[in-house]
Structures are given as C-alpha cells and as structure tokens.
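Here's a quick tour of one protein chain, from the whole down to single residues. Have a look at the picture, then read on.

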Amino acid sequence: MTTANIMLYVEDVEANADFWKHYLNFKEVERYDFGDSISIVLAVSSTCNLQLFNIDFIRKNSPEVASNKPSLLFDISDFDELYARFKENNETVGEIIEMGGARTFNFPDRDGNYFAVREAAAFSKYILDNL
C-alpha cells in the first residue's frame with residue numbers, strides 16, 4: 001500500500017495540529033522531536049497523512065521548499081456539520097457555493113493558509129451522472 005504524506009509548513013505546529021484534529025477529526029499518528037522543533041503527522045485517511053513542520057525548521061534545513069504551499073481540497077461527508085462547527089466557533093469561513101455539481105467552501109488554518117472542502121456525496125453523484 002502507498003501512503004501520500006502531504007507536508008505543510010506552519011508557524012505553530014501544535015496549534016495547527018489541534019485545529020485539524022478539532023475540525024476535520026484528523027488523528028495524530030506520529031510525532032517527531034528534532035530538538036529545537038517538532039513535527040506532527042495526522043492521518044487524513046488510511047492512505048493519506050498531513051505532516052506539519054515548523055516553517056523556521058524548514059527555512060533552516062530545506063530553504064528551497066520553505067515557500068511551497070499546497071492547494072488542498074477535502075471531500076467531506078459531514079459537510080453541513082463541519083460548516084456549522086466553524087460558524088459556531090466564530091472561525092473565518094467562506095460562503096457555501098456550488099461548483100461542478102457539489103457544494104464547497106473554504107477556510108484558513110491557524111497560519112492563514114486557505115483550504116477547501118467539498119460535499120463528498122454530491123460530488124460522487126455528479127461524477128456518476130456525467131460518465
């Protein structure tokens with residue numbers, strides 16, 4: 001089996017890990033201690049992880065990739081519940097829009113990096129209807 005590990009460079013690894021665990025229910029599966037920095041690995045699914053690194057650690061050890069920012073879209077089955085949870089906690093969240101037959105919205109993490117979510121069931125139906 002292959003696992004995709006998406007690396008995300010952030011200012012505060014702990015705060016961002018807590019954010020992902022709270023809102024998208026990602027599970028912490030590993031933690032690395034580099035002495036002056038830590039990295040936390042969060043399971044997105046059985047084949048995909050999000051690994052958070054401190055941006056200063058990356059600037060020091062791999063400056064050529066420090067400015068890389070992924071553009072991630074998550075398919076979410078509990079779309080309405082997630083949107084409500086963001087709103088209830090006074091988090092910044094974009095308006096729900098329809099795109100390609102599925103509802104979607106975006107949100108920033110603790111460092112202001114924006115991500116998007118899409119309603120999983122609606123997107124799957126749209127793909128099947130248009131095959």
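Leaving aside its neighbours within four places in sequence, which residues is L24 in contact with? They are F19, F74, I76, L82, R85 and F107, where contact means heavy atoms within 4.5 Å. Keep in mind that this is a predicted model, in which local features need pLDDT of at least 70 and side-chain atom pairs count only at pLDDT 80 or more, while totals for chains, interfaces and linings use all residues. Residues are numbered from 1 along each chain as its sequence is written, and side-chain values use heavy atoms, with hydrogens and water left out.

**The whole chain**

- If you read along the sequence, you get the pattern β-α-β-β-β-α-β-α-β-β-β-α.
- The C-alpha trace spans about 50 × 40 × 25 Å along its principal axes.
- Of the 131 residues in the chain, 39% are buried; buried means under 20% relative accessible area, exposed means over 50%, and partly exposed is in between (1.4 Å probe, protein chains only).
- Take the contacts with a separation of 6 or more: 52% of them are between residues 24 or more positions apart.

- Four strands make an open sheet in the order β1-β4-β3-β2, with mixed pairing; two strands pair if DSSP finds at least two bridges between them.
- β1 (4-10) and β2 (27-33) are at the edges and have a single partner strand each, so one side of each has no neighbour in the sheet.
- From one strand to the next, the twist averages 25 degrees; axes are lines fitted to C-alpha atoms (for helices, over the stretch in contact), and angles run from 0 to 180 degrees between N-to-C directions.
- β2 and β3 run antiparallel and are joined by six bridges, with K27 having A43 in β3 as its bridge partner.
- These two strands form a hairpin with four residues between them, and G35 in the turn has a positive phi of about 90 degrees.
- β3 (residues 38-45) and β4 (residues 48-54) are also antiparallel, joined by six bridges, and they form a hairpin with two residues between them.
- Across that pairing, V41 stands opposite Q51 in β4, and S39 stands opposite F53 in β4.
- Helix α1 (residues 13-24) lies across β1, β2, β3 and β4, and runs at about 15 degrees to β3.

**Another sheet: β5 to β8**

- This open sheet has four strands in the order β5-β8-β7-β6, again with mixed pairing.
- Its edge strands, β5 and β6 (97-99), each pair on one side only.
- Here the twist averages 40 degrees from one strand to the next.
- β7 and β8 pair in the antiparallel sense over five bridges, and N106 has A116 in β8 as its bridge partner.
- α1 packs on this sheet too, touching β5, β7 and β8, and its direction makes about 155 degrees with that of β7.
- α3 also packs on the sheet, touching β5, β7 and β8, with its direction at about 30 degrees to that of β7.

**Where α1 meets α3**

- The axes of α1 and α3 (residues 79-88) come within 10 Å and cross at roughly 130 degrees.
- That makes α1 oblique to α3, because angles under 35 degrees count as roughly parallel, over 145 as roughly antiparallel, 65 to 115 as roughly perpendicular and the rest as oblique.
- On the α1 side, F19, H22, Y23 and L24 meet L82, R85 and F86 in α3.

**The cores**

- The largest nonpolar core has 25 residues, and those with the most contacts inside it are W20, L24, L52, F74, F105 and F107; such a core is a set of buried Ala, Val, Leu, Ile, Met, Phe, Trp, Tyr and Cys residues joined through side-chain atoms within 4.5 Å.
- α1 gives the most to this core, with six residues.
- Another core, of six residues, lies apart from it, and includes Y9, F57, I58 and A66.
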